[in-house]
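The points below are numbered and may be read alongside the sequence and the model.

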Amino acid sequence: MLDYSHLSALAAVVRTGSFERAADQLNVTPSAVSQRIKLLEERIGAILVVRGQPCMATEAGRRLCQHVELVALLEGSLRQNLPGLQPESRPVTLRIAVNADSLATWFVPAMAETEGFLFDLVVDDQDHSAEWLRRGEVVAAVTSHGKPIQGCDSYPLGRLRYLATASPAFVERWLPDGLSEDSAARAPCLVFNRKDQLQALWLRRALGADVTPPAHWLPSSQAFVDAALAGLGWGMNLESMVQEHIRAGRLMALEPSEPLEVPLFWQQSRIVGPLLGDLTRAVVATARTMLSPMPV
């Protein structure tokens, strides 16, 4: 059996990034934290923490941290039904995968509707966030995959609407005769990261061909809008973030101006479903208020 005081020390070091801050959190000395992790490493037979600034978990350390977080969630679920159990001294931390555009627009209000948790968010593309659930590294995810992952429940949220947008000066310089394969191959576009396929997908739909334009890499939802306003390139910007700029003439939608819509789903681990009930209701209600509705 694993010693949970040792596991708690490991989780605190990884969460805070240092032995000193972990000791403050656990109300023990840094040497006591170090001794507990040493004993745990001897018990497991593997290095669990890479000492540094900050301290980082090894692969074995990450798996143990996931285990202790899951245990904390299950104990929290028990306390809801067995009020005689001693309350937890600190809120349970929920690790959730979410795409950057949801985080920039509607997800934070959903978090604010739920009390009693701390949040540890992993930001990843909506087409890849489900992998975190499959690996057991998060308890829930905002994802474009609607089919329930094994051991999870799936709830439809709505659709993010994207418009291909650029500044009028950019269009005049790079697309004076409209969008074509030739002009699209020369006009710089904005790409969030190597996983971002929205620009390529929109070009394929608009032109019926695969085009690879030169690209600026900007891993920030707000930077995407700012770069389009500055004339750096064109990109698939969230309609909710650019509609005022379009009305004011600072940005314009490229032709064809049809939006690209990405469906989103909330998937959560079934084993901690009762504990996540309030959060799930808040996520679903907020998303359905702020996102475009799913097709009937």
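1. In which helix is Leu133 found? The model is a predicted one, and in it Leu133 belongs to helix α7, which spans residues 130–134.

2. Leaving aside residues up to four places away in sequence, Leu133 touches Val138, Val139, Ala140, Ala141, Ile149, Cys152, Gln267 and Ser269.

3. An annotated region comes next. UniProt, in an unreviewed entry, lists residues 2–58 under "domain: HTH lysR-type". In the model this span is 63% helix and 7% strand, and its end C-alpha atoms are 18 Å apart.

4. How do helices α2 and α3 pack, and at what angle? Helix α2 covers residues 19–26 and helix α3 residues 30–44; their axes lie 8 Å apart at an angle of about 100°. Since angles of 65 to 115 degrees count as roughly perpendicular, α2 and α3 are therefore described in that way. On the α2 side the contact is made by Phe19, Glu20, Ala22, Ala23 and Leu26, and on the α3 side by Pro30, Val33, Ser34, Arg36 and Ile37. Sorted by class, the contact of α2 with α3 comprises seven nonpolar, one polar and two charged residues.

5. The aromatic residues form a further topic. Four aromatic pairs are found when the whole structure is searched. In one of them, the ring centres of Phe107 and Trp266 are 6.2 Å apart and the planes stand at 35°, so the pair is tilted. Distant parts of the chain are linked by this pair: Phe107 lies in helix α6 (residues 107–112) and Trp266 in strand β11 (residues 260–269), 159 residues apart. Phe107 and Trp266 are both buried. Together with Trp106, they form one aromatic cluster.

6. Trp202 sits in helix α10 (residues 198–207), whereas Trp234 sits in the loop between α11 (221–229) and β9 (235–238); the pair links distant parts of the chain, 32 residues apart.

7. Are Trp202 and Trp234 buried or exposed? Trp202 is buried, having a relative accessible area of 4%. Trp234 also counts as buried, with a relative accessibility of 2%.

Notes:
Residues numbered from 1 in each chain as written. Predicted model: local features only at pLDDT ≥ 70, side-chain atom pairs only at ≥ 80, totals over all residues. Heavy atoms only, no water. UniProt positions renumbered as here; feature names shortened; annotations may be inferred. Helix = DSSP H or I, 4+ residues; strand = E, 2+ residues; numbered from the N terminus. Axes fitted to C-alpha atoms, helices over the stretch in contact; angles between N-to-C directions. Parallel < 35°, antiparallel > 145°, perpendicular 65-115°, else oblique. Contact = heavy atoms within 4.5 Å. Nonpolar A, V, L, I, M, F, W, Y, C, P; charged D, E, K, R; others polar. Phe/Tyr/Trp six-rings, centres within 6.5 Å; stacked < 30°, edge-to-face > 60°. Buried < 20%, exposed > 50% of the residue type's maximum accessible area, 1.4 Å probe, protein only.
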